Amino acid sequence: MNQETEIPERSSWPFWRNLGIAVLFAVAFLVALNRINLDLSLLIENFPSTLKLWSAFAKPDWSVFGEGVILLIKTLYMAFMATALALPFAIVLSFLGAKNLMNSPVAKAIYTAVRGLASVIRSIQPIIWAIIFVVWVRTGPFPGVLALWIHSVADMTKLFSERVESIDVGPMEAIRATGAGKLLVLAYGVIPQIINPYLSFTLYRLDINVRMATIIGIVGGGGIGMRLYSYINKWNFPKAVVLTMLIVLMVWGIDYLSSRLRERIETGGGEKTQEYSI
Amino acid sequence: MAQLEINNLSKVYPPDVLALDDISFEVEQGEFLVVIGLSGSGKSTLLRCINRLIEPTEGSIKFEGKEVTTASSKELKAIRKEIAMVFQRFNLIERSLVLTNVLTGQLGELSFWRSMLGRFPEEMKQTAHEKLKTVGIPEQAFKRADELSGGQQQRVGIARALMQDPKLLLADEPVSSLDPATSGTIMDYLAEINDQGKTVITSLHFLDLVRKYGTRAIGLKGGKIVYDGHPKGIDDQKFKEVFGEEAEKVHIS
Amino acid sequence: MKKPKRFTFPDLAEGIKPLLLDWLIWGYLAYTVIFLLDSYWYTQYVDWYGSLTLEPWGWALTVLGTLGCALASERFGISVGLKTIKGKERAPRKTWALTNWGITTVVLIVLTFWVGWLTTDMELGIITRRASKTSHLWYGLSHPDFTHLMNIDPELNDTILGSLVDTLFMAYLATLLGGVLAAPLGFLGARNIMGGSLFRKTIFYVTRAFFNVVRSVESLLWAIVFAIWVGWGPAAGTFALLIHSMAALAKLFSEQVESIKKGPIEAVQATGASFWQIVRYGAVPQVIPQYTAFLLYRLDINVRMATVIALVGGGGIGRFFFYYKSQLDWNQVGAVTIVIATVVWLLDYISGKAREKIV
């Protein structure tokens, strides 16, 4: 070789680092396997104990169908109410929880409080919140809605404020340069940039809430889960199977609709290429 | 014997799009051959047929006496090692390091297990660093490829091609995604490679670049050769033939 | 040249879609209106359960009436369905809320909110009226009792920290195994790989349907199934998280595979690389970083779920939470809650940072 090329710093350690990480994961895997006692042969050995469950799929009891549909609608309403009620709170809190908007010392304290509280609330599962609210306002859909609501507020606040933090400062500066006040900057510099992501996150959260609403009934939070769980406890699988099928259909449908809508929002509102142009 | 001999080459895309129509020409070692033509005239297809990224429908391609079209997969790999390629959209592995991208040029030399584990020999890495220096970006080696600008990415693409130490370099519209200034630099690198005795076949859009760098030009239109000769020989009349009437004002500068 | 338009079934389906959407909207409108009328005036038609009861002729009338409304709205050019599905003219920007679309959306949201308020028994007064019921809860949270953090609880035969480790291991095993199993399934569910023959397409649709069904059943419900299957304990919880993660990750994986770009593969191919080298250097780097990020995100979700999966016999730290809660031992509940919140928060933070670095 003609001349020595000096190599930028960093030698071949990433390989050893990666190997180290891999070994670490493998060891953790073995320890976990041992501790959890995850025995795959148990799945085969104990299969007969689930026969009663699977055989229920062969002869579902359709008499609960009508009732199941009504429960399904109620569950949907729970998810909708939780999301709709969480939205205004999350919008307001998201501005208070955005680092780039909160500059003065007082504002910084508010920012820390909002984000800290949101993190803590988010860390506790809706199911646990439901337990708390069942104690608080008694069983029924209402505590379920409240549990989903408080978790949604925290989650949406976090997502929304991260979105606000990543906005482009250009438009904000342009508005500020015209001598506009804080509110005008917000209205013309910030909101146009965040409205679509906010909509998209809200739909995403609605999707999660629908999923959660199907199980929150287990602890007394109302909805279809409550009835499903009581059927399972009574080993009434033919009825439980019908409710499960209904849940699958609804969650699937909402997931599909929500992702289609989000796609449309993210691509700037229904620019259907090709499909209809040809 | 010419380095590359192409005889009666045709390519039909199903169902019935004729991209290349009975093309024959020869390329001598050390030529700087420029293929010009409108988009859709078959330039990309022609270049990709040479290393069989696209399977030709009919005809023969001989590279240094070896038949490419009927080569077994082992023979084909050996042929591809001798022929490097540079792409319009750079085609880097965006999430990998620049160095890794350059090193992929030598994959053909590496044993199966070494390549699966990503253990490239030290001297291979040294060579990769040298190639990056050749294209003027030695300091970018440990960045992720997608962090680089378009011009820098194309330099990495060239470094990857150089890594193969090829006898023939195919460059498919290497400057179409770049601004004019960067285009000049990239073309200079190709010319430098050509000066070292390596054959370069490239497709280009701009006539002034064709005239500046090419030692020979082939004009394609509708999959047929409509011009074959020195770039200086392309007068306005010829140019219109290749690019059609309306291209005139856009391309002649 | 224009061929005379022949009638085809897809045409009919395309033509009927807007009408169906309109009908759906009108039908829903009718449902909410009847529901509201019922619940405010004719309460005898809403049974104790909150469901609508209507005479058979009433249903018939509603179905036909809404169909009529849908047809009429298409006739008079105020159809929302036509606009949504055909997506024709984007009108010269009126204020959004004043377009047909806007009005419909607002009306539907308001009505849904109203009906939702009634059907979910919202009663804000209760929150303040019964606030005192939660006092022991807040007291417990502010005076946590960490006795069993490191000391074995004789009833549960474990320590809080021990069960926390279990929880983390459960989530880890589920994510890792689910992630590994998801990859081959993800290939089967990728449109670009499974295109072509009818046989492959069938596999594609079957795989996709399988993901979606498994994904739609929450891991907590899966835990019930596995608790019956392999008995109560962390293994049941792990299996439940595993199967749900596998389906969710397989879907994400197949989307990644679908978005693989051809260029880099061509480039590696052109260097004379072998098939496996092309896969290793051309395809894998396009999929792995994003997939690793998904795995980290999934780990995060699984840890959250693992903290409550004990509710249905899935093991983990939730066992302590639900046991102490049933014993009304609020100080211990407080301690467990604090541990859960801290760990989940920490993991959320770490996984977020790691994801940022990878993608």
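Colleague: Let us start with chain A: what percentage of its contacts with a separation of 6 or more comes from residues 24 or more positions apart?

Modeller: In chain A, 71% of the contacts with a separation of 6 or more are made by residues 24 or more positions apart. Chain A is built from 11 helices and 0 strands, so its elements, read from the N terminus, are simply α-α-α-α-α-α-α-α-α-α-α. Of its 278 residues, 38% count as buried. As for overall dimensions, the C-alpha atoms of chain A fill a box of roughly 70 × 65 × 55 Å along the principal axes. The radius of gyration of chain A is 26 Å, whereas a compact globule of 278 residues would have one near 19 Å.

Now turn to where chain A meets chain C. This contact draws on 52 residues from chain A and 51 residues from chain C. On the chain A side, the helices that each supply at least two residues include α1 (13-36), α4 (65-96), α7 (141-165) and α11 (237-266). Sorted by class, that side of chain A has 36 nonpolar, 11 polar and 5 charged residues.

Of the 359 residues of chain C, 38% count as buried. Residues 24 or more positions apart make up 68% of the contacts in chain C with a separation of 6 or more.

Helix α10(C) is mostly covered, with 22 of its 25 residues buried.

In soluble globular proteins, nonpolar side chains tend to be buried together. The largest nonpolar core here has 139 residues, and those that touch the most other members are A:L148, C:L173, C:A223, C:F226, C:I309 and C:V336. Helix α10(C) gives the most to this core, with 15 residues. Take C:L173 as an example: leaving out residues up to four places away in sequence, C:L173 touches A:A32, A:L33, A:I36, A:L38 and C:T238. A second, separate core of 77 residues includes B:V27, B:F63, B:L168 and C:A267.

B:R119 sits in the loop between α4 (112-117) and α5 (122-134) of chain B. Because 13 other C-beta atoms lie within 10 Å, B:R119 is partly exposed. Apart from neighbours within four places in sequence, B:R119 is in contact with A:F15 and B:R114. B:S73 is 46 residues from B:R119 along the chain, and their C-alpha atoms are separated by 25 Å.

Finally, a word on confidence in chain B. The average pLDDT of chain B is 87, and 96% of the residues score at least 70. Within chain B, confidence is highest in strand β7 (residues 168-171), at 94, and lowest in helix α10 (residues 248-251), at a mean of 47. Over residues 249-253 of chain B, pLDDT stays under 50, and the model has 6 contacts beyond four places in sequence for them. Where pLDDT is low, the predicted coordinates should not be read in detail.

Terms used: Residues are numbered from 1 along each chain as its sequence is written. Chains are lettered from A and ligands numbered from 1 in the order in which they are written. This is a predicted model: local features need pLDDT of at least 70, side-chain atom pairs count only at pLDDT 80 or more; totals for chains, interfaces and linings use all residues. Two residues are in contact if their C-beta atoms, placed from the backbone, lie within 7 Å. Helices (H or I, at least four residues) and strands (E, at least two) are DSSP runs, numbered from the N terminus. Ala, Val, Leu, Ile, Met, Phe, Trp, Tyr, Cys and Pro count as nonpolar, Asp, Glu, Lys and Arg as charged, and the others, Gly among them, as polar. A residue is buried if 20 or more other C-beta atoms lie within 10 Å of its own, exposed if 12 or fewer, and partly exposed in between; C-beta atoms are placed from the backbone. pLDDT is the predictor's confidence in each residue, from 0 to 100. A nonpolar core is a set of buried Ala, Val, Leu, Ile, Met, Phe, Trp, Tyr and Cys residues joined through C-beta atoms within 7 Å. The radius of gyration is taken over C-alpha atoms; the globule rule is 2.2 Å times the number of residues to the power 0.38.
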